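Open the model in your viewer and keep the selection panel at hand. The tour goes from a whole chain to single residues.

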Amino acid sequence: MRRDDDGGVSAVATGSGSGPGKRNDQAASSPAFHPLYLLLLIPFIALLWPPFYAMDQPELSGIPFFYWYQFLWLLLTAILTAIIYGLTRGGTES
Amino acid sequence: MNWTELGVFIFFFLLVTVLGFIAVGWRRGDLTQLNEWGLAGRRFGTIVTWFLLGGDLYTAYTFVAVPALIFGVGALGFFAVPYTIIVYPLVFVLMPRLWAVCRRHHYITPADFVNGRYGSKGLALAVAITGILATMPYIALQLVGIQVVIATMGITGSAAASDLPLIIAFLILAVYTYTSGLRAPAMIAVVKDTMIYITVIAAVIIIPLKLGGYGHIFAAAAAALPAKKGFLILPPGAYLPYASLALGSALALFMYPHAITGVLASYSGRVVRRNAALLPAYSLVLGLLALLGYMAIAAGITAPSPTLIVPRLLNAMFPAWFAGFAFAAIAIGALVPAAIMSIAASNLFTRNIYHAYFKAVSDPGEEASVAKFVSLVVKVGALVFVLALGNTYAIYLQLLGGLWILQTFPSIAFGLYTRWFHHVALLLGWLAGMVWGTYIAVKNNFTPVYPIHVFGHTLPLYAGLSAFALNIVVSIVLTVLFDLIGVARGTDQTARDDYGAEDQGAPVAAG
């Protein structure tokens, strides 16, 4: 049932909700920031630090590393997001 | 002029025009209501939302300008790829909450949310004006996408004759947006995006075959770029500009009113989260298209303006009928975002300026009428602007627009997770960011990266991001100060539970 589904999501999230920091006594702090969301920081680190990938080698069939590394992260980020969606969507009703 | 090319182009253009008018009856709703006209009744599922947001965010101008930038400067222009990757984790975390609270309180614009959250009409007005200011030049820039295609097909001559197709295209767009609302661009986006995918897949397979493979293309680019002061691999001096442009642009993208309109038109928070995982398919297309810049170098394409290189490359590499198909994809690709942007801008004007400050609209039918009328004004304004002043000013203003819209991030995005910030502090933070960002952008002749001097270091940062940093610092310091001296806070209409509901009509208050 939809109602149980939503309750489930909130319960999980509030149970561990004090983890991500930045809390105060305001009633509106997040009920829906799942700790797994922190994994979404990985693509930021991988892509916003160009020294990791601003290089020519190794090439992939003529494409410099700089370019195929970023294409690879495009794919990895989409997969990561899909996995986190699957793990946090709560109930199976849809 | 090539008649086959032009014929195919006109055929597809007419096809989507018909679709634009048919859309009025799609998932029929009462189009005299703003919720129906401006958000299509919030009924779009995963697939339609995917097409709608993809067609909305990856505009014709993007598809023309990114390869042009790569063609001109090389690796730095590739920042569009990390930008359109990291934007989706942000969407995943922020946008379902915005969807939920807007669904629950019947908010139609981001400024509606800010007004409800902070109880501050002033802050809502700031968000609304910023949204409109940032959107207008963006609409104007879509015309550039149509212009370059028309020019490449050989429709030239007197100024009036070469402007005529553009005027016709925009009038058609204005009329079906007026009648069908958000349904029109949503339906057209399905056709347009399919055409874009076909074009791009053909381009990245066939063009490298003709040019001797990717190895040869990158070698040609590496040889040619130093002469233009460009580079194939990012040098250390460009690390910070590259990363700050990617981050700043990603933070800004979903603050744009047209992006938020696309999110709010979906029927559940799950649709939004699924799309965060599915929309990167468009980023892949954008990344592949970016490489057309290098292919143009390898093919020896030249053009008086870099925005012409993509159409010229397609013209040189493909038979006339397929080039016509590709050009139609680009031109239609301008209409979808232009329609959604004008709808989003008129929603903002109607709800947060007209209704809030000039005339209280009690009748929802009147609200929709005003919005429809404003959508016409917005598009005609964009058309006149580009025809009278040329593209350069539109490009400058669009750059400023990205910087401006980023200054609404604290009010909207932070507001989705916390009510800690004081609304007056947010307003002054916004003001500081707007003034400082505009000042350094103008002082820097409208180039996006501006060196900031901090603690004896010189940091070449995207101007929008440094303005954003200032905005946040001001907002934090003044929040502490205002709470200390007891400046009154507004009333929060929203409750903690309003942000978590994922399904349509979920009984949030039940627990």
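Helices and strands here are DSSP runs, numbered from the N terminus; a helix needs at least four residues and a strand at least two. Keep in mind that this is a predicted model.

**Stop 1: chain B as a whole**

Select chain B and colour by secondary structure. It holds 22 helices and two strands. Its radius of gyration is 23 Å, close to the 24 Å that the globule rule gives for 511 residues, so chain B is as compact as a globular protein of that length. Of the 511 residues, 60% count as buried. Now look at contacts between residues at least 6 apart in sequence: in chain B, 84% of them join residues at least 24 apart.

**Stop 2: helix 4 of chain B**

Select residues 60-73 of chain B, which form helix 4. This helix has 14 residues and reaches 20 Å from its first C-alpha to its last, close to the 20 Å expected at 1.5 Å a residue. Why is it largely enclosed by the rest of the structure? Because 12 of its 14 residues are buried. Show their side chains; among them are Tyr61(B), Phe63(B), Leu69(B), Ile70(B) and Phe71(B). Pro67(B) is also on the buried list.

Then step just past the end of helix 4: Gly74(B) takes a positive phi of about 80°.

**Stop 3**

Most residues other than glycine have a negative phi. Two exceptions follow.

Select His106(B), in the loop between helix 5 and helix 6 (110-118) of chain B. Its phi is positive, about 60°, although it is not a glycine. Is His106(B) buried or exposed? It counts as exposed, because it has 12 C-beta neighbours inside 10 Å.

Move on to Lys229(B), in the loop between helix 10 (213-224) and helix 11 (239-253) of chain B. Lys229(B), not a glycine either, has a positive phi of about 60°. With 9 other C-beta atoms within 10 Å, Lys229(B) is exposed.

**Stop 4: a peptide bond in chain A**

Most peptide bonds are trans. Switch to chain A and select Gln57(A) and Pro58(A): a cis peptide bond joins them, with omega about -5°. Pro58(A) sits in the loop between helix 2 (41-48) and helix 3 (65-88) of chain A.

Terms used
Residues numbered from 1 in each chain as written. Chains lettered and ligands numbered in written order. Predicted model: local features only at pLDDT ≥ 70, side-chain atom pairs only at ≥ 80, totals over all residues. Expected span 1.5 Å × (residues − 1). Buried ≥ 20, exposed ≤ 12 C-beta atoms within 10 Å, placed from the backbone. Rg over C-alpha atoms; globule rule 2.2 N^0.38 Å. Contact = placed C-beta atoms within 7 Å.
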